[in-house]
Amino acid sequence: MKMTPLITSAVMHFGEMGSRWGFNRTVGQILALIVLNEEPISAQEIAEALNISRGNTSMGLKELQSWRLVKQHHVPGERKEFFIPAGDIWTLANRVFEERRKREIDPTMSLLRDLLLDAPANEKEANAQHKLNEIHDLLESITAWSEELQNLGPEKLNTLMKLGSGVGRMLELKDKLLPGKNSVN
């Protein structure tokens, strides 16, 4: 499979971004190749296009399947395994957020809860627990907010994002109109 310069550039960039999204460069490149391809693509075609081993391709595909970002697709008359994205762009983005929450936020929240249950042994630990409680509350709020956003659906979420700084200006206006009820910055 021969990639065009535009697709090559996008695939290489997805690879660089992969580590920021929670997976390695090769997995990011495989995801990009599958998402940008109009037709189902075989593991062999992926390996050839990216110049990687079939084993590396297989491991990358398993990783993407565990994230629920790609799925196998049967092509009639073919014995090879073919792959397609496991949803539209919004669905894939939501799954990345969901998986990152499971892999990063949930374990942190669990640790914070355990640390907050312990009785502080001294003033230093009491102060540390106070700060850990603030972190816990912030992460809990962010998690609840992100879950609400994920439940909005693509159209409403897109509308909300387009509001952008308008929401901030509305909050500033509210603070001016209701001076005693300022929000926490």
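## The second largest pocket

The second largest pocket is lined by F14, W21, L31, V35, I89, L92, A93, V96 and F97. The elements that each supply two or more of these residues are α1 (5–21), α2 (25–36) and α5; α5 gives the most, with five residues. Helices here are DSSP runs of H or I with at least four residues, numbered from the N terminus.

This model is predicted: local features need pLDDT of at least 70, side-chain atom pairs count only at pLDDT 80 or more, and totals for chains, interfaces and linings use all residues. Residues are numbered from 1 along each chain as its sequence is written, and side-chain values use heavy atoms, with hydrogens and water left out.

A pocket is an open set of points on a 1 Å grid over the protein atoms alone, where a 1.4 Å probe fits and protein lies on both sides within 12 Å along at least five of seven lines; lining residues have an atom within 4 Å of a point. The volume, about 230 Å³, is the space filled by probe spheres set on the points. The lining comprises nine nonpolar, no polar and no charged residues.

## The largest pocket

The largest pocket holds about 360 Å³ of space. Its lining has 18 residues, of which N94, F97, S146, L149 and Q150 lie nearest the centre. Two or more lining residues come from each of α5 (89–117), α6 (123–152) and α7 (154–163), and α5 gives the most, with nine.

By class, this lining divides into eleven nonpolar, four polar and three charged residues. Ala, Val, Leu, Ile, Met, Phe, Trp, Tyr, Cys and Pro count as nonpolar, Asp, Glu, Lys and Arg as charged, and the others, Gly among them, as polar.
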